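Keep the structure in view as you read.

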Amino acid sequence: MPRVGLNQQTVVREAARLADEVGFQQLTLAALASRLGVALPSLYKHVRGADALAQKLAVLATAELATEMTAAAVGRSGGDALRAMADAYRGYALRHPGRYPATQRVPDPADPEHVEAGERAVGAIFAVLRGYGLTGDDAVDATRALRSALHGFVTLEAAGGFGLPRDIDRSYHQLVASMDISFRSWPRTGG
């Protein structure tokens, strides 16, 4: 008999909490079932398997990240909006080390919730870039550059990859400042 109150949303939210504790790659259905106090086969009533769970976790994490980036940038423009959004991005990655990697999963076109969450996340970046006059292909290129820079930094930071005796926050702020300079002088392609 299924545990009372157990549904897909509860399973995914608990998976997100567990992923933050043990890491995204270490998240297993067996560990989640144990955490929820149910037999492993009971989970299949709510998620079809490990990949389906990862997909649902990607939806949840991407939606959360989109909400945080959007809220941080609202009412700001230019470098101020970029800094606020970048700080929200990093803050999310540091607070949620297990679910953050799920945000890197490309939205599945067959999953409208994931597509919508991905569009909101990219839309938050596009909105900031419009403040620099970047639209169309230029915005796509700039978004890829920004994501690469931020993701690279937070991934290295989470892995303990910065060993030099220098303040990590200072380095992050310098990275974001360099992106601000780049966006202000972005070579326009007209696309």
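Helices α5 and α7 each supply at least two residues to the lining of the largest cavity. Helix α7 gives the most, with three residues. A search of the whole structure finds one cavity of 30 Å³ or more.

What counts as a cavity? On a 1 Å grid over the protein atoms alone, it is a set of points where a 1.4 Å probe fits but cannot get out; lining residues have an atom within 4 Å of a point. Grid points are joined across faces, edges and corners, and the volume is the space filled by probe spheres set on the points.

## What kind of model this is

This is a predicted model: local features need pLDDT of at least 70, side-chain atom pairs count only at pLDDT 80 or more, and totals for chains, interfaces and linings use all residues. Residues are numbered from 1 along each chain as its sequence is written, and side-chain values use heavy atoms, with hydrogens and water left out.

## The whole chain

The protein chain has eight helices and zero strands. Helices (H or I, at least four residues) and strands (E, at least two) are DSSP runs, numbered from the N terminus. Along its principal axes, the C-alpha trace spans about 60 × 40 × 25 Å.

Of the 191 residues in the chain, 43% are buried. Buried means under 20% relative accessible area, exposed means over 50%, and partly exposed lies in between (1.4 Å probe, protein chains only). Now take the contacts between residues at least 6 apart in sequence: 69% of them join residues at least 24 apart. Contact means heavy atoms within 4.5 Å.

Helix α6 covers residues 112–130, which is 19 residues. From first C-alpha to last, α6 reaches 26 Å, close to the 27 Å expected at 1.5 Å a residue. The expected span is 1.5 Å times one less than the number of residues.

Which residues of α6 are buried? They are His114, Ala117, Gly118, Ala121, Ala124, Ile125, Val128 and Leu129. Seen down the axis of α6, these buried residues fall within an arc of 145 degrees, so they line one face of the helix. The arc is that of the directions from the helix axis to the C-beta atoms. An α-helix has 3.6 residues a turn, so residues three or four places apart point the same way. The face turned away from the buried side of α6 carries the exposed residues Pro112, Glu119 and Arg130. The cover over the buried residues of α6 includes α4 (50–73), α5 (78–95), α7 (136–158) and α8 (168–184).

Helix α4 has 24 residues and reaches 34 Å, close to the 34 Å expected. Just after α4, Gly75 takes a positive phi of about 80 degrees. Gln55 sits in α4. Gln55 is buried, at 9% relative accessible area. Beyond its neighbours within four places in sequence, Gln55 contacts Arg105, Asp108, Asp111 and His114.

Helix α5 has 18 residues, and 13 of them are buried, so α5 is largely enclosed by the rest of the structure.

## Two buried loop residues

Leu134 lies in the loop between α6 and α7. Is Leu134 buried or exposed? At 1% relative accessibility, Leu134 counts as buried. Not counting residues up to four places away in sequence, Leu134 touches Leu129, Ala139, Ala142, Phe183, Trp186 and Arg188.

Val47 is in the loop between α3 (40–43) and α4. Val47 is buried too, at 3% relative accessibility. With residues up to four places away left out, Val47 touches Gln8, Val11, Leu29 and Leu53.

UniProt lists "domain: HTH tetR-type" (unreviewed entry) at residues 5–65. Over residues 5–65, the chain is 70% helix and 0% strand. UniProt also places a "DNA-binding region" (unreviewed entry) at residues 28–47. That span is 60% helix and 0% strand, with its end C-alpha atoms 12 Å apart. UniProt positions are given in the numbering used here, feature names are shortened, and annotations may be inferred rather than shown by experiment.

Methods
On a 1 Å grid over the protein atoms alone, a cavity is a set of points where a 1.4 Å probe fits but cannot get out, and a pocket is an open set with protein on both sides within 12 Å along at least five of seven lines; lining residues have an atom within 4 Å of a point.
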